[in-house]
Amino acid sequence: MRISRRVLATAAVTAALLPLTACGSGSGGSSSGGGSGKIEGNISFQTWNLRANFKSYFEGLIADFEKKYPGTHVKWIDQPAEGYADKISADAAAGTLPDVVNVSPDLAAPLAKAGLALDLDKDKAAAKFKSEYLPGAWAGTEVPGLSGTYAFPWYLNTGPLFYNKALFKEAGLDPDQPPKTYDELFEDGLEIAKKTGGKVATLANVPTIEDFGRYGVELMNKQGTAFAFNDAKGVELLTKYKELYDAKALDSQALTATPESSGQKFLTGAVAMNPGSALDLKNFKSQAPSLYKNIGITDQITSTGHVNMYVMGLLVNAQSQQKPAAVAFAHFITDAENQMSFAKKVAIFPSTAGSLDDPYFTKEDGTDETRVRVASAKSLKTAVNYTPVLFSEQMKTALRNEVAKALQGKQSPKAALDNAVKACDRLLQQG
């Protein structure tokens, strides 16, 4: 997991679902309450590309834990970002999965299905900590078709929409009244494209599964056995994006855009709006002073009343030989004090209940950085992780490909989403 602008905006939590041979055949983790018992012994702790920037921080945490629990020893393993999902898959297959593993929800899901992730709701030692975390964060690793929670919530992230006030003003729009609803977004997008002769798009990204979630589309059935984003509301959203694309209000390169390329479009003034995080403001200030001078900040647009959030967690290996120590360590890393400490080192947000009420997250000092932090923290209290934990990288690619065909007019929005759902259901069954 890279601590960088877009990775923390998207939390790099889009790694592929693991191709575990036992996928779907497990019992959903341990329910034996094996986390109870004396906290002692040697455990392994794996993170996701954190050693380079946070070596002293984690070494300090480990030393504090070993001091608190004499007789314990934590071996810290840090894996590079590239190939992280493959490494977990290989360890799971070989029976060498570390005792505590840094995971995103989509990485936790196949391990839970294979019976390799401890069910925190059933484990006596872990379940008692549930009230310490925000309900939405604790539920972040629930897996459709299974009952339980499969990773301690570690940290969260979300971000606002940035917009270029100068571009809004040039199009005759009030620069202090950015769109607050989808209808306003689509209306303003068409107006900006019209007034600039198609030279300035409003958005640079095609709709993703998160966008369908924010729009209020039902993404999966409650059993987690089939996708459902091809309903009337889903078709409505894609139809609106098709209108934007035809009017050049959606950037022409959106079909192949990456978060980095979209961000660059916003930096150069080719796009009027772009999602981001507090870390972006430093980039704007140093790389695009004229943009920074005209930067507008507004909330994520949502029809549900809940913004999207990204969740990172710590999974306990259900087959750990030192389960009490593993549970205690995962909780220690994710407790309120240590999450707050980490949040002050990098622009992330704690998942612990009450932490977002700390003055650090509630009081502004007149800077844009604190304005973004305070607004994001407030929205996280009721935020939702819209990306289904069963939605793999292959599924994201399938959706993106079908959306591209619809935007290019090669098929209707309805046909595109029908095909995307069929492809995703097929991949789901193969899992």
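**Cavities, a pocket and a sheet**

User: How many cavities of 30 Å³ or more are there?

Analyst: The model is a predicted one. With 30 Å³ or more as the cut-off, the cavities number two.

User: Which helix gives the largest share of the lining of the second largest cavity?

Analyst: The second largest cavity holds about 80 Å³ of space. Among the residues that line this cavity are Thr158, Ile297, Arg371, Val372 and Ser379. By class, its lining has five nonpolar, five polar and two charged residues. The largest share, five residues, comes from helix 17 (residues 368-380).

User: How do the residues lining the second largest pocket divide into nonpolar, polar and charged?

Analyst: The second largest pocket has a volume of about 550 Å³. It is lined by 20 residues, and those closest to its centre are Pro144, Asn385, Tyr386, Pro388 and Val389. By class, the lining of this pocket is twelve nonpolar, five polar and three charged.

User: Which residue in strand 6 is the bridge partner of Leu161?

Analyst: Strand 5 (residues 161-164) pairs with strand 6 over three bridges, in the antiparallel sense. In strand 6, Leu161 has as its bridge partner Pro275.

Terms used: Residues numbered from 1 in each chain as written. Predicted model: local features only at pLDDT ≥ 70, side-chain atom pairs only at ≥ 80, totals over all residues. Heavy atoms only, no water. 1 Å grid on protein atoms, 1.4 Å probe; cavity = no way out; pocket = protein on both sides within 12 Å on 5 of 7 lines; lining within 4 Å. Points joined across faces, edges and corners; volume = space filled by probe spheres on them. Nonpolar A, V, L, I, M, F, W, Y, C, P; charged D, E, K, R; others polar. Pairing = 2+ DSSP bridges. Helix = DSSP H or I, 4+ residues; strand = E, 2+ residues; numbered from the N terminus.
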